[in-house]
Amino acid sequence: MDAAPRLPVDRLLDDRGTRIIVCCGAGGVGKTTTAAALGVRAAERGRKVVVLTIDPARRLAQSMGIDSLDNTPRRVKGVDGADGGELHAMMLDMKRTFDEIVEGHADAERAEAILANPFYQSLSAGFAGTQEYMAMEKLGQLRAREDWDLIVVDTPPSRSALDFLDAPKRLGSFLDGKFIRVLMAPAKVGGRAGMKFLNVGMSLMTGTLSKLMGASLLKDVQTFVAAMDTMFGGFRTRADATFRLLQAPGTAFLVVAAPEPDALREAAYFVERLAAEKMPLAGLVLNRVHVSGADQLSAERALAAAENLEEGGIVDQESGNAGLRDSAAGADATDAGAGGGGTEADANDEATTDADANADADVDEITAGLLRLHAERMQVIAREQRTRDRFTSLHPEVAVAEVAALPGDVHDLAGLRAIGERLAAGVPAGA
């Protein structure tokens with residue numbers, strides 16, 4: 001990792017100009033844990049933080065000691081706020097966020113009609129792309145409230161983590177598309193004239209749509225579009241504003257990955273995509289890096305030593321203690337044969353010698369096994385290093401922080417603090 005600059009995590013967290021940190025990356029690389037650890041560390045360094053997770057997993061709530069997360073930020077207890085810091089956490093509720101937008105931007109009668117519309121209920125509950133757009137809306141809401149000076153966003157896994165960057169463009173294409181214009185035409189003309197226009201000018205179009213969608217669904221869609229007409233411009237405006245917010249200097253993207261080929265290929269995609277969208281990249285967090293406290297012993301030497309022990313020799317010694325042990329055993333046998341018989345003391349000595357030999361054999365077997373385990377660990381470390389080197393050779397400008405692989409899952413604030421310390425150190429403990 002000599003070629004890669006070190007990611008200054010504490011400097012990033014302490015910078016009051018940093019208002020949003022977005023953690024993105026492939027699935028299963030510790031992205032949620034990283035976001036939570038950053039939130040805990042920032043709060044205990046004096047920041048007022050809210051962590052927003054879009055990942056449907058509940059690990060974030062469990063690690064922070066909260067029974068459940070929902071669309072409302074909840075205070076996390078147990079965080080050291082001696083420096084004035086606070087930590088809140090929440091999980092995006094896509095439908096509730098959509099409902100809040102409708103309630104906040106339509107009069108009571110129209111809002112009630114929209115919320116009761118069957119097409120709206122389907123759209124808000126799981127229409128493709130709705131989650132990413134609602135994430136943009138919620139981020140914009142949190143930023144506008146000014147209750148927190150740092151927002152940490154935990155994104156969905158894989159490449160969908162960056163889909164919210166496309167939300168404004170997709171939304172604009174959808175609202176400006178021919179399908180929506182067709183459905184909005186009767187509402188724009190209004191009254192009987194509108195219905196006449198619909199019946200005469202678009203009878204073929206609506207007849208086809210009715211066959212494809214069903215007459216009832218088409219009516220629901222038309223009613224929904226008519227009710228939402230005045231809100232469409234607001235959706236697009238807010239999404240564009242949030243997109244510009246993500247490009248602003250106060251935002252920092254962290255790409256999270258594991259030292260595996262697939263994960264780092266995804267990381268390379270994120271880095272290139274962020275650069276193309278002119279999004280500010282802070283660096284790469286490399287999770288679950290394997291390390292060894294005995295890395296001066298190579299895999300080759302460890303395997304050679306294990307083989308030597310298993311063959312009955314001693315490491316790097318052709319005729320040392322093993323030879324002396326064998327000679328002593330032979331002398332004892334010769335003495336026993338010359339005497340024609342042995343005393344009880346001689347029998348006890350022989351039994352003791354056999355027990356010692358068995359114990360030595362057990363120790364050798366255990367030692368050989370440990371040496372082979374060490375060799376496997378060193379081979380994993382070497383493979384991860386080659387994978388990291390390929391990434392850094394392609395993106396030498398990307399700062400990197402490494403986090404050592406832990407023996408178990410992080411499930412409490414103490415574990416999150418430990419991750420935060422390793423993130424701040426920038427290199428895994430024991431490296």
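Q: Does helix 4 pass helix 7 in a left-handed or a right-handed crossing?
A: Helix 4 passes helix 7 in a left-handed crossing (the near helix is turned anticlockwise from the far one by less than a right angle; clockwise would be right-handed). Helices are DSSP runs of H or I, at least four residues, and strands are runs of E, at least two, numbered from the N terminus. This is a predicted model, in which local features need pLDDT of at least 70 and side-chain atom pairs pLDDT 80 or more, while totals for chains, interfaces and linings use all residues. Residues are numbered from 1 along each chain, and side-chain values use heavy atoms, without hydrogens and water.

Q: At what angle do helix 4 and helix 7 pack, and how far apart are their axes?
A: Two packed helices are described by the angle between their axes and the distance between the axes. Helix 4 (residues 94-105) and helix 7 (residues 130-145) pack at about 60°, with axes 9 Å apart (lines fitted to C-alpha atoms over the stretch in contact; angles run from 0 to 180 degrees between N-to-C directions). Helix 4 is therefore oblique to helix 7 (under 35 degrees is roughly parallel, over 145 roughly antiparallel, 65 to 115 roughly perpendicular, the rest oblique).

Q: Which residues make the contact?
A: Contact means heavy atoms within 4.5 Å. Helix 4 supplies M94, T97, F98, E100 and I101, and helix 7 supplies T130, Q131, M134, E137, K138 and Q141.

Q: Where is H395, and is H395 buried or exposed?
A: H395 sits in the loop between helix 16 (344-394) and strand 8 (400-404). H395 is buried, because its relative accessible area is 8% (buried is under 20%, exposed over 50%, partly exposed in between, with a 1.4 Å probe and protein chains only). Not counting residues up to four places away in sequence, H395 touches A268, V271 and E272.
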